[in-house]
Amino acid sequence: MSKISWRAGTQIYPLPAVIVTCGDKPENWNMITISWTGTICSDPAMCFISVRPERASYPLIVDNMEFTINLTTEQMAYATDWVGVRSGKDYNKWEKTGLTPLPGEMVKSPTILESPLSIECRVKEIIKLGTHDMFISEVLNVRVDSKYMDSTGKFNLEDAGLIAYVHGHYYKLGELIGRFGYSVKKN
């Protein structure tokens, strides 16, 4: 086995394929597909998204300093891609995708009804990096689809059919191969 040097780049995969919703009132609500996103702190709960300044959603996020991250599923895959390749300057993405906006609870940006989990965020800091600006954000609220809650109060996100993004392609998540700590668990 050998390795060769390839071009320098951001080849950290898989990534979540999320739809970020933004805007402060129904007439300007928009959405954008993002894969440059992740958790950055547990307590306080914080995450980030990175967005190109030329995107239609960028000024909506900057002006309102909040947004919602919506996880996506196999059933949402087509809409997820479409939202990422079309501009809110040219289309009403809600009408074109058939996704359903719900008013946010802790933010003015909407939640997507069809998403199994939505994370309402307030921007704490914007870091200008180059092609993208990073929005470091505090998690204010997490909304989950009740159909994934069992009678004990456990949230079964693994049943949602989540998708991931890998080097220009979308994939559904596969089978469970272990759980956190399984490598050191005593029999």
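In what order do the 7 strands of the open sheet stand? The order is 3-2-6-9-10-5-4, with antiparallel pairing; two strands are taken to pair if DSSP finds at least two bridges between them. Strands (E, at least two residues) and helices (H or I, at least four) are DSSP runs, numbered from the N terminus. The structure is a predicted model, in which local features need pLDDT of at least 70 and side-chain atom pairs count only at pLDDT 80 or more, while totals for chains, interfaces and linings use all residues. Residues are numbered from 1 along each chain as its sequence is written, and side-chain values use heavy atoms, with hydrogens and water left out.

Strand 4 and strand 5 run antiparallel and are joined by 4 bridges; Cys 41 stands opposite Met 46 in strand 5. Helix 2 (residues 77-85) packs on the sheet, where this helix touches strand 2 and strand 3 (contact means heavy atoms within 4.5 Å). The direction of helix 2 makes about 100° with that of strand 3; axes are lines fitted to C-alpha atoms, for helices over the stretch in contact, and angles run from 0 to 180 degrees between N-to-C directions.

Helix 1 (residues 57-64) has Ser 57, Tyr 58, Leu 60 and Ile 61 buried. Here, buried means under 20% relative accessible area, exposed means over 50%, and partly exposed lies in between (1.4 Å probe, protein chains only). These four residues cover an arc of only 165° around the axis, which puts them on the same side of helix 1; the arc is that of the directions from the helix axis to the C-beta atoms. Their cover includes strand 2 (18-22), strand 5 (46-51) and strand 6 (66-71). Met 65 follows helix 1 and has a positive phi, near 55°.

What lies in the interior? In soluble globular proteins, nonpolar side chains tend to be buried together. A nonpolar core is a set of buried Ala, Val, Leu, Ile, Met, Phe, Trp, Tyr and Cys residues joined through side-chain atoms within 4.5 Å. The largest one has 22 residues, of which Val 20, Ile 49, Val 51, Ile 61, Phe 67, Ile 69 and Phe 135 touch the most other members. Strand 9 gives the most to this core, with 4 residues. Among the contacts of Phe 67 are Val 20, Ile 49, Ile 61, Val 107 and Phe 135. A second, separate core of 9 residues includes Met 31, Met 76, Val 83 and Ile 112.

Charged side chains complete the picture. The whole structure holds 7 salt bridges, each a side-chain nitrogen of Lys or Arg within 4 Å of a carboxyl oxygen of Asp or Glu. In one of them, Lys 124 pairs with Glu 138, with the closest N and O atoms 3.7 Å apart. This pair links distant parts of the chain, as Lys 124 lies in strand 9 and Glu 138 in strand 10, 14 residues apart. Lys 124 is exposed at 54% relative accessibility, whereas Glu 138, at 25%, is partly exposed. Another salt bridge joins Glu 158 to Lys 154, at 3.4 Å between the closest N and O atoms. Salt bridges that share partners also join Glu 105, Glu 120 and Arg 143 into one network.

Terms used. Lists of a residue's contacts leave out its neighbours within four places in sequence.
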